[in-house]
Amino acid sequence: MSLKQQIAVEPLRPGYFCSVKNPTRLGALSEYVFGGNTIAVAVNAAYQTVSDTHHLYSLCGHFIRPATTDRKLFCHVESIRDSKSFQTRQIRVSQVTDQGSTKLCLIALADFHIEEPYSAVTYSIPPETECAPTTLCGKYFIPSPGTSKDCDLYRDIERFVDMRFIHDNDTSQKNQKQNPRLDSPPPSPSAITKEMFRVPEPLDNEAEQISALAFYADKGLAYIPAIHNGYDLWQASACATLEFSLRILVHGLNLGKWHMAEQRTLAAGNARAFSEGRIWNGDGHLVASMTQQTILRPNAELGARL
């Protein structure tokens, strides 16, 4: 099966869509649907209801319940705003239970913006990685994390996206700052997960490109608070995304080319963690940011260590 099939939707009636295929898992460690698959289907459904002159720049949402892999996803897209510059859509993603009732899995708000003729300012933060994406050749690539100690973690989505972990001499470990206040919390881990990725099949339009970006951008952000603190995922009794914000910063994406992603966790407490993933294109321009709050509960025997 291709990624295009995995994120595709078909219309049922005005404002209602269904995924073409059953959604997939992230990998062997989770029995539920990969959240990025649910987000991607929501994005694709929203794109079917807006004009070609408007481009998705913001998608904010909450996961309500986990979805299962044995049935399709249904999307209800409601028009909230239609103006010359912006079109806003609310998307509700659900599944039908064995009893015939509807189970809401995700609710999100997507905002689309026209291509403005002028910008007052233009800039982009560079990545932490030493080299630009266009110069990251084979010597920086090592097997994907899914093939190392977190065996099978990303097994199911590796069928759809080419991913190559980056090793660049641990440049992310420098300049860790400590708050000078005596009662301040410890600093967040300085570790940054870095990798290159691309979609190996042609994507035909912007809806498919952005849906594929959403599919990838969710990968791993729920897990890095534990991983970057040196814990194995089996030590968590609950580890899942609660809410997310995906921001697209440029138009004209081509995910057939290699892009670079960096992920870090920024804050944690009350069994929640806040993390961010950033994505750059081959020219070193920041093209997207994904922030998430996740639930991260330790097993009972670990107490507050997580």
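Author: What follows covers pockets and cavities. This is a predicted model, in which local features need pLDDT of at least 70, side-chain atom pairs count only at pLDDT 80 or more, and totals for chains, interfaces and linings use all residues. Residues are numbered from 1 along each chain as its sequence is written, and side-chain values use heavy atoms, with hydrogens and water left out.

Reader: What makes a space a cavity, and what makes it a pocket?

Author: Both are found on a 1 Å grid over the protein atoms alone. In a cavity, a 1.4 Å probe fits but cannot get out. A pocket is an open set of points with protein on both sides within 12 Å along at least five of seven lines.

Reader: How many cavities of 30 Å³ or more are there?

Author: The search of the whole structure finds 3. A volume is the space filled by probe spheres set on the points, which are joined across faces, edges and corners.

Reader: Which residues line the largest cavity?

Author: Tyr216, Ala217, Ala261, Gln263, Gly277, Arg278, Ile279 and Met290. Lining means having an atom within 4 Å of a point, so these residues count.

Reader: What is the volume of the largest pocket?

Author: About 850 Å³. It has 35 lining residues, and the closest to its centre are Ser30, Tyr223, Cys239, Ala240 and Thr241.

Reader: And what is the volume of the second largest pocket?

Author: About 700 Å³. Its lining has 17 residues, with Ser119, Val121, Tyr123, Leu249 and Val250 closest to the centre.
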